[in-house]
Amino acid sequence: MDIKSGYPFWAVKNGLMHAFPALTRDVRCDVAVLGGGISGALIAHELLTHGHSVCVLDKRDIGWGSTSASTALLQYEIDTPMCELAKMYGEDNAVLAYLACMQSIGVLADIAADAGDVAFDLRKSLYFSSQKSHVRRLQAEYALRRKHRFPVHWLDAEDVRTQFGIEAHAAILSDLAAQVDPYRLTYRLLMHAADQGASVHDRCTLKRIVAKPHRVELTSEYGVQVHAKHLVVAAGYESQQFIRQRVAKNRSSYAWISEPVPGGVPHALSKAMLWETRRPYLYARATNDQRVLIGGEDDAFDVPLLRDARLPKKARTLHRKAARLFPTVTLKPSFAWAGTFAETADGLPFFGVHAEHPPSVLFAMAYGGNGITYSTIGARLLRATIEGRQHPLAALFSFRRLGH
Ligand SMILES: Cc1cc2nc3c(=O)[nH]c(=O)nc-3n(C[C@H](O)[C@H](O)[C@H](O)COP(=O)(O)OP(=O)(O)OC[C@H]3O[C@@H](n4cnc5c(N)ncnc54)[C@H](O)[C@@H]3O)c2cc1C
């Protein structure tokens, strides 16, 4: 599956950070993790630090999947507003999901601090109303979040203008959000995991996976085997290929990044990351080398050749929109890229067993705009499942909500 177009900034910036060894000898471990993206890295980290032996396998280079394409805004604010989620699953569940995502930012801050040098920065998040007709819905969202004591503030058009220099009808300002270099975090976690005794192998193609209720056996194209008690499929948007049931829809998402801005990024981005109420939404963040990174312009379908062909025009549109959002700075284009982006119907992820596979096989499908915060929660949820414990989100963040 071709999941990227163009030059994702993080991969260009960091290059191949480490050469992981080829899988040349049979491995026995507690958990085999298929996929060395940010999800696989966070899961391996969680399992290893709690005493499980781990083997991570990736058919590409580490971090080369959608992790390298991610713009890596870390938000507790799910693409599905809390009000909408409450209508689907009840207010308690909506609050539970938002709270778990909020806590995961603190967890990620600790993980990033341990990993070191991964460009992790805490930021506020400004969710602005891009159309006047959206203001009433935004007010309802604000009221529900306030009711449950989320750290949010209401800004009217004048507040947004004076505090952020942005033209918008109103906004919710959240005190807690963050940003990271997702590719660097993935490499550093897996390099650390290898130092701790994990087997990490990239460019490793599997020719066979045999899963029994209490064990799995993976065989590489060269006949080398990995024997484990569990398999975690953390294959990103390609995980869908392991189950017949369609659980998500693929679309294409686009990103554009400027050259470093002389004099620094616009004031708004030094304080906050921005996103809007229109769907699909436009969003923006800064990098720590003073670039403006802007994303959106999603297509409702994902056809790699079309995605490649549409990238130059999408990049021009994103550049134009960035210039409109930040009229006081001159933004020069640096890179643009695009990637497959999978979304579930309710915006929630799937972690855990699926009825089409024995219980030794677990999935990590961190689908939606909060993929990285979801993976942070998912790593704990999967560890709980492996250890035979219940996790508070085991029903809401798993295939159980589809009736499994
Ligand atoms: C343009 C864009 C912007 C985004 N912005 C954000 C954002 O701002 N915030 C956020 O939280 N999320 C964002 N996301 C989503 C986020 O990038 C994903 O949730 C995250 O990268 C998924 O990580 P992963 O490890 O699950 O998947 P991946 O990074 O794709 O890793 C999966 C790995 O599995 C490997 N693999 C697949 N199949 C096999 C197989 N059969 N055998 C061996 N290996 C296999 C792949 O090679 C790959 O390396 C964005 C995504 C895109 C595309």
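This section describes the domains, the ligand shell, selected helices and some local backbone features of a predicted model.

The domain assignment divides the chain into domain 1 (4-69 + 183-247 + 347-402) and domain 2 (121-178 + 249-343). The C-alpha centres of domain 1 and domain 2 are separated by 29 Å. Contact between the domains involves 14 residues of domain 1 and 13 residues of domain 2. On the side of domain 1 that touches domain 2, strand 1 (4-6), helix 1 (9-14) and helix 3 each contribute at least two residues. Strand 1 provides the largest share of this side, with three residues. The class composition of the side of domain 1 that touches domain 2 is seven nonpolar, six polar and one charged residues.

The ligand is surrounded by 36 residues, of which Gly37, Gly65, Gly236, Gly339 and Gly371 are the closest. At least two residues of the shell come from each of helix 2 (38-48), helix 3 (66-69), strand 12 (249-258), strand 16 (333-343) and helix 11 (371-386). Classified by residue type, the shell around the ligand comprises 14 nonpolar, 18 polar and four charged residues. The ligand lies between domain 1 and domain 2, because both domains give residues to the shell around it.

Helix 2, one of the elements that supply the shell around the ligand, also contains isoleucine 43. With 30 other C-beta atoms within 10 Å, isoleucine 43 is buried, the cut-off for this class being 20 or more. When neighbours within four places in sequence are left aside, the contacts of isoleucine 43 are Val33, Val232, Ala234, Ala364, Ala379 and Leu382. Histidine 354 is 311 residues from isoleucine 43 along the chain, and the C-alpha atoms of these two residues are 18 Å apart.

Helix 6 (residues 135-147) consists of 13 residues. The distance from the first C-alpha of helix 6 to the last is 18 Å, close to the 18 Å expected at 1.5 Å a residue. The buried residues in helix 6 include Leu138, Glu141, Tyr142, Leu144 and Arg145. These residues lie on the same side of helix 6, because they cover an arc of only 165 degrees around the axis. In an α-helix there are 3.6 residues a turn, so residues three or four places apart point the same way. Arg136, Ala143 and Lys147 are exposed on the other side of helix 6. Packing of the buried residues of helix 6 is against helix 4 (82-89), strand 6 (152-156) and strand 7 (170-179).

Helix 8 (residues 182-195) has 14 residues, and its end C-alpha atoms are 20 Å apart. This separation agrees with the span of 20 Å that 14 residues should have at 1.5 Å a residue. Helix 8 is mostly covered, with 10 of its 14 residues buried. The buried residues are Pro182, Tyr183, Arg184, Leu185, Thr186, Tyr187, Arg188, Leu189, Leu190 and Ala193. Glycine 197, which follows helix 8, has a positive phi near 110 degrees.

Positive phi values also occur at residues other than glycine in loops. Arginine 203 has a phi of about 50 degrees, although it is not a glycine. This residue is located in the loop between strand 8 (199-201) and strand 9 (206-212). Arginine 203 has 15 other C-beta atoms within 10 Å and is therefore partly exposed. Glutamine 290, likewise not a glycine, has a positive phi of about 65 degrees. The loop that holds glutamine 290 runs between strand 14 and strand 15 (292-299). Glutamine 290 is partly exposed, since 16 other C-beta atoms lie within 10 Å.

A cis peptide bond links arginine 279 to proline 280, with omega near -10 degrees. Proline 280 is in the loop between strand 13 (272-276) and strand 14 (283-286).

Note on methods. Residues are numbered from 1 along each chain as its sequence is written. This is a predicted model: local features need pLDDT of at least 70, side-chain atom pairs count only at pLDDT 80 or more; totals for chains, interfaces and linings use all residues. A residue is near a molecule or strand if its C-beta atom, placed from the backbone, lies within 6 Å of it. Helices (H or I, at least four residues) and strands (E, at least two) are DSSP runs, numbered from the N terminus. Ala, Val, Leu, Ile, Met, Phe, Trp, Tyr, Cys and Pro count as nonpolar, Asp, Glu, Lys and Arg as charged, and the others, Gly among them, as polar. Domain bounds come from an automatic or database domain assignment. The expected span of a helix is 1.5 Å times one less than its number of residues. A residue is buried if 20 or more other C-beta atoms lie within 10 Å of its own, exposed if 12 or fewer, and partly exposed in between; C-beta atoms are placed from the backbone. The arc is that of the directions from the helix axis to the C-beta atoms. Two residues are in contact if their C-beta atoms, placed from the backbone, lie within 7 Å.
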